[in-house]
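Here's a quick tour of one model, with a stop at the inside space, then helix packing, then aromatic rings. Have the structure open while you read.

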Amino acid sequence: MNDLRKISSMIQNYSVSCPEKPDKRYLFQIKVYWLAIITLLSVLVTFVFCVLWTILFKLEDATSTHCGYRVKNYLPTISTAVGNYPVQRFIWTLVIIAHSPIRLIVVAIYYQYYTNIIKPSLHWCVVLLRFLTTVEVCSLVVLSIFTSSDYYSIHEKSFVTFICASELNMLISSILLKKGRITKTVMTKLEIRSLKYKIYFTIFNMTSFAIAGYCFLRHNAYCESGGLYLNKNTFPMYTVHINILYLLIVLYIISVYTFFALFEYLVVLSNMTFHLTAVWDLAGVSLVVDDNLNLTYR
């Protein structure tokens with residue numbers, strides 16, 4: 001009898017001391033940090049592929065303009081590189097459509113982030129930012145589907161919408177984070193770094209866009225070829241060494257249209273890097289799918 005009591009006591013003690021199986025709180029979790037990097041890399045790799053593939057195999061056709069063969073061009077525009085040829089168009093459109101839902105999720109997370117740190121009196125600016133970013137994402141999808149070669153009017157309007165929304169978004173968010181924060185909130189080191197680069201990329205993006213716009217208008221008006229801006233007398237001879245000489249030769253043969261394409265690339269790349277600052281603003285945020293398949297973030 002005593003032995004049975006001892007065995008029963010041992011079983012009870014064991015059952016009490018065994019750890020319970022934890023509740024399964026979520027099925028899937030990923031940090032916004034990785035979401036931002038994955039979406040950026042997917043678009044960046046696709047962009048580089050489309051441009052390089054066009055340069056390697058379709059350069060002459062891709063760089064022809066209304067000026068004809070009297071103006072030699074060396075870089076295709078983005079619209080041509082991603083939209084005029086079947087392979088590039090298919091890959092670019094697929095990636096843009098696939099990455100857009102993730103971008104919109106990040107937009108929603110950013111909305112909550114801004115709501116928590118921006119003064120209540122400026123909440124309308126937060127709403128405006130969410131609207132502008134949503135318009136930016138949607139217009140990018142539209143201009144990718146409706147290419148300039150097949151649907152020029154729709155593509156043109158979508159591009160203008162994308163640029164306006166993008167520039168305003170970058171400018172307003174930089175100013176808002178600089179001047180509109182709640183006084184009692186303290187910026188982390190990551191947020192300070194993020195704001196610094198936001199401002200840098202905004203200035204760089206707007207400068208590149210202004211230069212690209214100027215080159216585009218000048219090319220359409222004058223059809224200028226290379227060699228109009230630099231010549232061998234630009235610098236005194238004693239300042240010319242091999243690197244500067246090489247740079248002068250390269251710039252000397254580049255046409256205005258090529259400068260337009262180059263600065264158009266810089267506009268897109270600076271826009272990508274601006275949005276990449278989310279890895280610092282939302283460093284501690286994760287996207288979660290719970291047991292009921294609800295998509296949330298925490």
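Sort the residues that line the largest cavity by class and you get three nonpolar, six polar and no charged ones. This is a predicted model, by the way, so keep that in mind as you click around.

Which residues are they? The lining of the largest cavity is made of S79, V82, G83, W92, L143, S144, T147, S148 and H155. Two elements, α4 (78–83) and α6 (123–145), each give two or more residues to that lining. The top contributor is α4, which supplies three residues. As for volume, the largest cavity holds about 40 Å³ of space. The structure has one cavity of 30 Å³ or more.

On to the helices. Two packed helices are described by the angle between their axes and the distance between the axes. Here are two such pairs side by side:

| Helix pair | Angle | Axis distance |
|---|---|---|
| α8 (residues 189–222) and α10 (residues 256–276) | about 155° | 8 Å |
| α2 (residues 32–57) and α5 (residues 86–117) | about 160° | 10 Å |

How do α8 and α10 run relative to each other, roughly parallel or roughly antiparallel? With their axes at about 155°, and with anything over 145 degrees counting as roughly antiparallel, α8 is roughly antiparallel to α10. Their crossing is left-handed. If you look at what meets in the contact of α8 with α10, you'll find 15 nonpolar, seven polar and three charged residues.

Last stop, the rings. How many aromatic pairs does the structure hold? The count is 14. A pair of aromatic rings is described by the distance of the centres and the angle of the planes. Take F259 and F263: their ring centres sit 6.4 Å apart and their planes are at 25°. Planes under 30 degrees apart count as stacked, so F259 and F263 form a stacked pair. Both residues belong to helix α10, where they are four residues apart, or about one turn of the helix.

Technical notes:
Residues are numbered from 1 along each chain as its sequence is written. This is a predicted model: local features need pLDDT of at least 70, side-chain atom pairs count only at pLDDT 80 or more; totals for chains, interfaces and linings use all residues. Side-chain values use heavy atoms; hydrogens and water are left out. On a 1 Å grid over the protein atoms alone, a cavity is a set of points where a 1.4 Å probe fits but cannot get out, and a pocket is an open set with protein on both sides within 12 Å along at least five of seven lines; lining residues have an atom within 4 Å of a point. Grid points are joined across faces, edges and corners, and a volume is the space filled by probe spheres set on the points. Ala, Val, Leu, Ile, Met, Phe, Trp, Tyr, Cys and Pro count as nonpolar, Asp, Glu, Lys and Arg as charged, and the others, Gly among them, as polar. Axes are lines fitted to C-alpha atoms, for helices over the stretch in contact, and angles run from 0 to 180 degrees between N-to-C directions. Angles under 35 degrees count as roughly parallel, over 145 as roughly antiparallel, 65 to 115 as roughly perpendicular and the rest as oblique. A crossing is left-handed if the near helix is turned anticlockwise from the far one by less than a right angle, and right-handed if clockwise. Rings of Phe, Tyr and Trp (its six-membered ring) pair if their centres lie within 6.5 Å; planes under 30 degrees apart count as stacked, over 60 as edge-to-face and the rest as tilted.
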